[in-house]
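Please look over the structure shown here.

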Amino acid sequence: MTPARAAVYIGASLLLSLTQGLGMNLVSANIPQVQGSIGATTNEATWLMAAYVAPNASLALVLIKVRNQYGLRNFAELSILGFLLVCAMHLFVTDLNSALVVRFFSGIAAAPMSSLAFLYMLEAFPQDKRLSYGVSLAMTNTLLAAPLARLVSPHLLDIGEWDGLFTFEMALALLSFAAIYLLPLKPQPRIHVITGLDIVSYLLIAVGFGALAVVLTLGRLYWWFEAPWIGMMLAVSIVCVTLAVAVELNRKSPLLDIRWLASREIVHFAAALLTFRIVLSEQSSVAANFFQALGLMNDQLSMLYMIMIVASLAGGLICAAVLKPGREPALHAVALCLLVMGSWLDSQATNLTRPPQMYASQAMIAMAAALFLPPAMAAGLASALKRGPNYILSFFVVFLVTQNIGALLGSAVLQTFVTLREKFHSNLLVEHITLADPLVVQRIGQLSGAYSGTLTDKALLRAEGLAILGKRATQEATILAYNDAFLLVAVLSFLALVALLLHMAAMWYFRTPAEPASA
């Protein structure tokens with residue numbers, strides 16, 4: 001492939017990745033604005049995220065076999081047609097019920113887009129560069145959609161609120177439609193690989209993962225021990241996944257090789273990916289909500305998101321330049337060092353903290369993500385390829401579960417931690433607010449002074465000052481809670497770094513002596 005044509009395929013991969021990623025993030029980044037457009041509460045609007053991730057969490061697993069059986073060209077063309085149709089359906093949404101149905105089908109239609117973006121990136125490089133340049137740039141593309149959605153959404157909302165968001169997504173889908181039809185992927189031989197038990201296993205996995213995704217998305221809003229349906233869905237998830245494992249263990253040609261997935265090497269790999277995915281939620285979930293708690297909206301954070309995009313691109317290009325077999329642990333160590341430093345800097349926030357104070361820390365975390373994901377993907381894919389094509393699907397199960405479910409788990413854990421710590425700090429602060437303290441009385445008088453010209457009743461004036469002081473105390477408790485969450489991420493990252501360094505030292509100490517040169 002000529003350099004010019006390779007550049008076009010790289011651009012197509014970026015376009016497909018952004019089309020899929022923006023479809024997911026345009027809603028999650030604008031829940032307060034979206035709920036007004038469809039007349040829903042915050043909890044009801046968050047169901048739109050749950051409706052999207054429920055089918056999307058597992059559908060990519062079966063699509064690999066669908067692609068192998070029906071051909072890559074047919075798979076690509078039908079996938080983009082389905083995605084285009086679902087994008088058009090968004091323009092006819094009028095209320096919450098219709099929005100939930102459309103978002104559910106959007107999660108289904110978006111699942112093939114991520115794999116197509118990955119394949120288009122690999123297509124642009126020769127065979128010996130695909131696990132370095134190809135994987136690095138493909139993984140970097142997946143990191144750009146979240147900050148880009150927050151960067152462009154204020155302008156789209158100004159154009160037409162809900163319709164403005166999804167008219168833009170429709171335009172991207174049309175461009176992707178043209179790219180897929182004009183730039184064919186290299187055809188692959190078709191193989192009949194789908195059996196009846198594959199469908200049974202997948203349906204069980206889909207129900208299990210979908211129920212778990214809904215619980216992780218909504219559990220912290222309805223609170224984990226308050227809503228009975230959360231426990232029921234979690235029980236359904238456990239039962240379905242257990243039945244799927246039982247079916248797969250008793251098959252001669254299983255959809256997933258459960259014994260390989262349960263091996264020490266793969267469990268270690270999955271634990272590392274899951275840990276990193278959880279700590280990466282510091283940027284995608286905690287930092288964004290921190291600024292929202294301070295009263296800042298997306299249009300006031302545009303420079304921060306641009307810096308995050310630039311840092312992700314820089315990290316991806318550095319990773320592509322240095323990634324080679326055997327260098328994965330060193331790249332992961334650098335990524336964890338950046339995470340420790342960035343999270344620790346964020347933990348020093350106050351009520352005067354604004355985006356410029358977090359430019360450096362958030363750039364570190366964005367670069368850490370770009371340095372961690374490509375080596376993990378390349379190493380796992382190389383290991384699966386050595387064992388044969390049947391293990392590739394099992395590897396993608398590990399990678400997709402740790403990334404999709406891990407992202408939801410990280411957000412749920414950290415946001416729950418913030419809620420608990422906010423209550424803790426709020427109790428500590430409020431117990432010191434008493435009218436017997438002359439400093440508190442003075443502060444109430446200062447805060448109520450703004451209303452002295454409109455309120456003549458001294459009792460009402462004092463009550464207003466006390467209410468404002470209570471709001472200030474709640475805001476301070478929230479800031480302290482987010483600082484605790486940032487510090488928790490820094491501690492987890494540091495412990496992961498120590499574990500990685502000990503593992504590297506053990507591997508070096510117990511390494512096999514090199515063979516003589518003559519041999």
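## Helices α2 and α3

In this predicted model, α2 and α3 are roughly perpendicular to each other, because their axes cross at roughly 105° and angles of 65 to 115 degrees count as roughly perpendicular. Helix α2 covers residues 31–38 and helix α3 covers residues 42–70. Their axes come within 9 Å.

Four residues of α2 make the contact: Ile31, Val34, Gln35 and Ile38. On the α3 side the contact uses Thr42, Ala45, Thr46, Leu48 and Met49. By type, six of the contact residues are nonpolar and three are polar. No charged residue takes part in the contact of α2 with α3.

## Helices α12 and α16

Helix α12 spans residues 328–346, and helix α16 spans residues 458–509. They pack at an angle of about 160°, with axes 8 Å apart. An angle over 145 degrees counts as roughly antiparallel, so that is the relation of α12 to α16. Their crossing is left-handed.

From α12, the contact draws on Pro329, Ala330, His332, Ala333, Leu336, Cys337, Leu339, Val340, Ser343, Trp344 and Asp346. From α16 come Asn483, Phe486, Leu487, Val489, Ala490, Ser493, Phe494, Ala496, Leu497, Leu500 and Met504. The contact residues of this pair comprise 17 nonpolar, four polar and one charged.

## Cysteines

How many disulfides does the model contain? The count is zero. The rule asks for a pair of cysteine sulfur atoms within 2.5 Å.

Cysteine 319 is in no disulfide. The nearest cysteine sulfur belongs to cysteine 337 and lies 15 Å away.

Is cysteine 319 buried or exposed? Cysteine 319 is buried, with a relative accessible area of 0%. Cysteine 240 is buried too, at a relative accessible area of 11%. The cut-off for buried is under 20%.

## Isoleucine 309

Isoleucine 309 sits in helix α11, which runs over residues 302–322. Its relative accessible area is 15%. That value is under 20%, so isoleucine 309 counts as buried.

Which residues does isoleucine 309 touch, leaving aside its neighbours within four places in sequence? The contacts are Leu144, Pro147, Leu148 and Leu151. Proline 147 is 162 residues from isoleucine 309 along the chain. Even so, the C-alpha atoms of proline 147 and isoleucine 309 are separated by 6.7 Å.

Notes:
Residues are numbered from 1 along each chain as its sequence is written. This is a predicted model: local features need pLDDT of at least 70, side-chain atom pairs count only at pLDDT 80 or more; totals for chains, interfaces and linings use all residues. Side-chain values use heavy atoms; hydrogens and water are left out. Axes are lines fitted to C-alpha atoms, for helices over the stretch in contact, and angles run from 0 to 180 degrees between N-to-C directions. Helices (H or I, at least four residues) and strands (E, at least two) are DSSP runs, numbered from the N terminus. Angles under 35 degrees count as roughly parallel, over 145 as roughly antiparallel, 65 to 115 as roughly perpendicular and the rest as oblique. A crossing is left-handed if the near helix is turned anticlockwise from the far one by less than a right angle, and right-handed if clockwise. Contact means heavy atoms within 4.5 Å. Ala, Val, Leu, Ile, Met, Phe, Trp, Tyr, Cys and Pro count as nonpolar, Asp, Glu, Lys and Arg as charged, and the others, Gly among them, as polar. Buried means under 20% relative accessible area, exposed over 50%, partly exposed in between (1.4 Å probe, protein chains only).
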